[in-house]
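Hello,

I'm passing this structure on to you, and I hope you enjoy looking through it.

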Amino acid sequence: MTPAFAPGQRVRIADRDAPGHVRTPVYVRGRIGVIERVLPQFLDPEREAYGVNAGTEVQLYRVRIPQISLWPDYRGSREDVLELEIYEHWLEHAEEDAR
Amino acid sequence: MTDKSELIVRPTHDMGGRTPGGPVTRDDHEMTPFEKTCHALLNVLDAHKLVNTEEKRRGVEDLGGEILSSLTYDERWAVSASKVLIEKGLITSEELGETMAQVRRRLTADP
């Protein structure tokens with residue numbers, strides 16, 4: 001499986017509800033970031049967590065989000081970023097003029 | 001989003017951005033014998049492909065807010081793994097309960 005995203009691409013983290021074991025924290029859902037790097041593929045934790053060991057591998061990425069876009073009252077440098085790891089099925093292509 | 005929906009899709013453990021966040025405690029300590037034993041046992045369960053990390057994490061999340069805030073880190077893992085073992089039919093509640101009672105008797109027995 002070829003990664004759908006490449007370093008430097010703008011992405012939106014999906015803003016959806018997902019009961020169950022998910023590793024995309026609520027506070028980053030719907031936010032825009034940039035692919036920092038492509039990471040390896042891993043067994044899908046959303047299935048593994050329930051003993052559904054189907055061997056489904058999903059692509060993981062490191063995504064970089066400006067802190068100022070996450071926290072309106074952020075007082076640090078405007079250059080500060082959050083980096084976190086997000087699976088491909090939580091990522092969408094972002095428009096250039098998006099938030 | 002209603003309070004009920006929030007409880008379902010944003011469970012207690014998903015704490016990021018919640019206010020007040022409170023201070024981060026940076027205390028550390030040597031691992032206790034219980035913690036070492038717990039860690040070792042859980043690693044063995046994983047190595048034998050009986051209980052994987054994701055199952056344990058899900059089990060910890062499913063403990064709910066009150067238990068999460070009361071138990072220590074390793075206590076959460078132990079309770080979670082025991083429930084996953086029961087779910088998978090590898091042990092029964094009865095066996096676990098009886099073993100816990102045996103251990104309790106051993107600990108409280110006169111020397």
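A word on conventions first. The model is predicted, so to speak: local features need pLDDT of at least 70, side-chain atom pairs count only at pLDDT 80 or more, and totals for chains, interfaces and linings use all residues. Residues are numbered from 1 along each chain as its sequence is written, while chains are lettered from A and ligands numbered from 1 in the order in which they are written.

**Chain A**

Chain A has 2 helices and 5 strands (DSSP runs, H or I of at least four residues for helices and E of at least two for strands, numbered from the N terminus). Read from the N terminus, its elements go β-β-α-β-α-β-β. Its C-alpha atoms fill a box of roughly 45 × 25 × 20 Å along the principal axes. Of its 99 residues, 18% count as buried; buried means 20 or more other C-beta atoms within 10 Å of a residue's own, exposed means 12 or fewer, and partly exposed lies in between, with C-beta atoms placed from the backbone.

The 5 strands make an open, antiparallel sheet in the order β4-β3-β2-β1-β5, where two strands pair if DSSP finds at least two bridges between them. At the edges are β4 (81-87) and β5 (91-93) of chain A, each pairing on one side only. On average, neighbouring strands are turned by 40 degrees against each other, direction ignored. Within the sheet, 3 bridges join β1 (residues 10-13) to β2 (residues 32-43) of chain A, and R10(A) stands opposite V34(A) in β2(A).

**Where the chains meet**

The contact between the chains takes 13 residues from chain B and 12 residues from chain A; a contact here means C-beta atoms, placed from the backbone, within 7 Å. On the chain B side, α1 (3-9) and α3 give two or more residues, and α3(B) gives the most, with 5 residues. That side divides into 2 nonpolar, 3 polar and 8 charged residues (Ala, Val, Leu, Ile, Met, Phe, Trp, Tyr, Cys and Pro are nonpolar; Asp, Glu, Lys and Arg charged; the others, Gly among them, polar).

**Helices of chain B**

Helix α5(B) covers residues 73-87, and its 15 residues should span 21 Å at 1.5 Å a residue, which agrees with end C-alpha atoms 21 Å apart; the expected span is 1.5 Å times one less than the number of residues. Among its buried residues are W77(B), A78(B) and A81(B). The cover over the buried residues includes α2 (33-47), α3 (53-61) and α4 (65-70) of chain B. Just after α5(B), G89(B) has a positive phi of about 75 degrees.

How do α3(B) and α5(B) pack, and at what angle? They pack at about 110 degrees, with axes 8 Å apart; axes are lines fitted to C-alpha atoms, for helices over the stretch in contact, and angles run from 0 to 180 degrees between N-to-C directions. The two helices are therefore roughly perpendicular (65 to 115 degrees; under 35 is roughly parallel, over 145 roughly antiparallel, the rest oblique). Residues including E55(B) and V60(B) in α3(B) meet residues including W77(B) and V84(B) in α5(B).

Finally, L96(B) is found in helix α6 (residues 93-108) of chain B. L96(B) is partly exposed, with 14 other C-beta atoms within 10 Å.

Best wishes

How values were computed:
Contact = placed C-beta atoms within 7 Å.
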